[in-house]
Amino acid sequence: MNATTTEGRRIQDLPPKGGYGPIQTERVKLRTILGAKSTLGLLVGTTIVGFYAYYLNFKYIRRQQIEMRSARLAIFPALLAERDRAVLKQMRRNRDVEAELMKNVEGWEVGTYFGEPIFFLDDENQWREPLFCEHFVHADYSHVKARAERHAWM
C-alpha cells in the first residue's frame, strides 16, 4: 500500500519529530536470582542431605540383604530334603512302571538289564543321583521337553 494523501500525492516517510533515540551498544547484564555465595551454599546443603539419604538407604538395603541371606540359609536344608523326597518318590514310580511294563518278559529283574546290574556301586544301599533322562524315563516327551527348557533357563 502506498502512503498517499487524500489528494493522491505521495508523502515521504520521515523520522519522528525530535529524531530517533540513541542506539544501545552497551552490554545489558542479566538479572541474577542467586548470588555466588547462595549458589555454593545450596550446592553444599543438597550434597549433605543427599549423602545422608544415601547412607540411610544403604543401611536399609544392607539390613534387607542380611535378612534374605539368613532366610535362605535357614530354609535351604528343608528345600534339599523336599527335593530328595520328590526324587525318591519319582524313582519309586519309575520302578513300579518298569515292573508293570516288563512283567511278561522272562528273566527280567527290575533295576537290572537282564539280571546284570546297570550301576556298579560300592554298597548296595549307596545312592547315585539319577540323570535327568532317567528321572523322566516314562514321562510324556512334551512334559520332559518343557521341564528341560525350564531347568536350562534357571
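Begin by colouring the chain by pLDDT, the predictor's confidence in each residue, from 0 to 100. The mean pLDDT of the chain is 87, and 96% of the residues score at least 70. Helix 1 has the highest mean pLDDT among the elements of the chain (95), and strand 2 (residues 116-117) has the lowest (78). Where pLDDT is low, the predicted coordinates should not be read in detail. This is a predicted model, in which local features need pLDDT of at least 70 and side-chain atom pairs count only at pLDDT 80 or more, whereas totals for chains, interfaces and linings use all residues. Residues are numbered from 1 along each chain as its sequence is written, and side-chain values use heavy atoms, with hydrogens and water left out.

Next, display the chain as a cartoon. It contains three helices and two strands; helices (H or I, at least four residues) and strands (E, at least two) are DSSP runs, numbered from the N terminus. From the N terminus on, their order is α-β-β-α-α. The radius of gyration of the chain is 45 Å, well over the 15 Å that the globule rule gives for 154 residues, so the chain is more spread out than a compact globule. For these values, the radius is taken over C-alpha atoms, and the rule is 2.2 Å times the number of residues to the power 0.38. Along the principal axes, the C-alpha atoms fill a box of roughly 135 × 55 × 20 Å.

Switch to a surface view. Of the 154 residues of the chain, 6% count as buried; buried means under 20% relative accessible area, exposed over 50%, and partly exposed in between (1.4 Å probe, protein chains only). The chain exposes about 15,000 Å², of which carbon and sulfur atoms supply 60%. These areas come from the Shrake-Rupley method with a 1.4 Å probe, and for residues only the protein chains shown count as cover.

Now select residues 40-58. An unreviewed UniProt entry lists these residues as "transmembrane region". UniProt positions are given in the numbering used here, feature names are shortened, and annotations may be inferred rather than shown by experiment. Over residues 40-58 the chain is 100% helix and 0% strand, with the end C-alpha atoms 27 Å apart.

Rings of Phe, Tyr and Trp (its six-membered ring) pair if their centres lie within 6.5 Å; planes under 30 degrees apart count as stacked, over 60 as edge-to-face and the rest as tilted. Tyr54 and Phe58 form a stacked pair, 6.5 Å centre to centre with 20 degrees between the planes. Both lie in helix 1 (residues 36-101), four residues apart, about one turn of the helix. Tyr54 is exposed, at 57% relative accessible area, and Phe58 is partly exposed, at 47%. The rings of Phe132 and Phe136 have their centres 5.0 Å apart and their planes at 55 degrees, so this pair is tilted. Phe132 is partly exposed, at 32% relative accessible area, while Phe136 is buried, at 19%.

Move to Ala139, in the loop between helix 2 (132-135) and helix 3 (141-153). Ala139 is partly exposed, with a relative accessible area of 36%.

Finally, select Arg85, which lies in helix 1. Arg85 is partly exposed, at 46% relative accessible area.
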